[in-house]
Amino acid sequence: MAEEHPFDVALENRLMGKGIYLTRWEQEGDVVDCAYETVAEVPAVTSHEVGVVVRTLLEVADEHEAWTPITLEATSTTTDGTVRGEWRVEADWFRRLYDDLSELEFSELVLSSVENRSAREQ
């Protein structure tokens with residue numbers, strides 16, 4: 001069962017099955033700085049990968065009843081460590097989801113936070 005593993009380990013295991021590899025999960029207070037690598041052959045963060053990470057995080061959170069919404073600051077890298085971009089989810093967005101924030105509004109907020117890096121910036 002998911003309760004046998006800490007939240008980050010359960011998330012890491014679940015994401016691995018989806019081709020996303022968690023490389024950092026550092027929590028300070030209610031802010032998590034995470035990084036993951038993906039084998040995607042695109043130079044930028046895709047809405048698909050953001051969706052996979054967020055949906056998987058919410059699935060694992062649902063299984064860990066004591067989970068408290070956090071601000072997630074995510075960095076996406078290639079397998080060679082090149083940063084593709086960053087994005088975030090505010091703790092308040094997680095708290096408001098399904099209350100006064102629809103799934104569509106939540107997704108729009110998250111996707112609007114994506115900042116891609118071009119190869120020229122590396």
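# A tour from the sheet to the aromatic cluster

Start by selecting Glu28, which stands opposite Val31 in β2. What you have open is a predicted model, in which local features need pLDDT of at least 70 and side-chain atom pairs count only at pLDDT 80 or more, while totals for chains, interfaces and linings use all residues. Residues are numbered from 1 along each chain as its sequence is written, and side-chain values use heavy atoms, with hydrogens and water left out.

**The sheet**

Two strands pair if DSSP finds at least two bridges between them. Now show β2, residues 31-38, together with β1: the two pair in the antiparallel sense over 8 bridges. Another pair to click here is Leu22, which sits opposite Tyr36 in β2. At the hairpin of β1 and β2, with 2 residues between the strands, pick Gly29, whose phi is positive, near 65 degrees.

Zoom out to the whole sheet. It is open, with 5 strands in the order β1-β2-β3-β4-β5 and mixed pairing. The edges belong to β1 (20-28) and β5 (115-116); each has a single partner strand, so one side of each has no neighbour in the sheet.

Next, go to Thr75 in strand β3. Is Thr75 buried or exposed? Its relative accessible area is 14%, so Thr75 is buried (buried means under 20%, exposed over 50%, partly exposed in between, with a 1.4 Å probe and protein chains only). Contact means heavy atoms within 4.5 Å. Beyond its neighbours within four places in sequence, the contacts of Thr75 include Arg24, Cys34, Tyr36 and Val83.

**Helix α2**

Select residues 47-63 for α2, which lies across β1, β2, β3 (71-77) and β4 (83-89) and runs at about 45 degrees to β4. That angle, on a scale from 0 to 180 degrees, is between N-to-C directions of axes fitted to C-alpha atoms, for helices over the stretch in contact. From first C-alpha to last, the 17 residues of α2 reach 24 Å, close to the 24 Å expected at 1.5 Å a residue; the expected span is 1.5 Å times one less than the number of residues.

Colour the buried residues of α2, among them Val50, Val53, Val54, Leu57 and Val60. Then try Glu59, also in α2. Glu59 is partly exposed, at a relative accessible area of 35%. Setting aside neighbours within four places in sequence, Glu59 touches Arg14 and Lys18. If you draw a distance to Leu11, 48 residues away along the chain, the C-alpha atoms come out 8.8 Å apart.

**The core**

A nonpolar core is a set of buried Ala, Val, Leu, Ile, Met, Phe, Trp, Tyr and Cys residues joined through side-chain atoms within 4.5 Å. The largest one has 29 residues, and Trp25, Leu72, Trp87, Val89 and Phe106 have the most contacts inside it. Elements giving two or more residues to this core are α1 (7-16), β1, β2, α2, β3, β4, α3 (91-96) and α4 (103-112). The largest share, 7 residues, comes from α2.

**Aromatic pairs**

Rings of Phe, Tyr and Trp (its six-membered ring) pair if their centres lie within 6.5 Å; planes under 30 degrees apart are stacked, over 60 edge-to-face, and the rest tilted. The whole structure holds 5 such pairs. For Phe7 and Trp67, the centres are 5.8 Å apart and the planes at 20 degrees, so this pair is stacked. Phe7 is in α1 and Trp67 in the loop between α2 and β3, so the pair ties together parts 60 residues apart in sequence. Phe7 counts as buried, at 13% relative accessibility.

Move to Phe94 and Phe106, a tilted pair at 5.7 Å centre to centre and 45 degrees between the planes. Phe94 lies in α3 and Phe106 in α4, so the pair links parts 12 residues apart in sequence. Both are buried. Select Phe7, Trp25, Trp67, Phe94 and Phe106 together and you have one aromatic cluster.

**Last stop**

Finish at Tyr98, in the loop between α3 and α4. Tyr98 has a positive phi of about 70 degrees although it is not a glycine. Most residues other than glycine have a negative phi. Tyr98 counts as exposed, at 60% relative accessibility.

Technical notes
Helix = DSSP H or I, 4+ residues; strand = E, 2+ residues; numbered from the N terminus.
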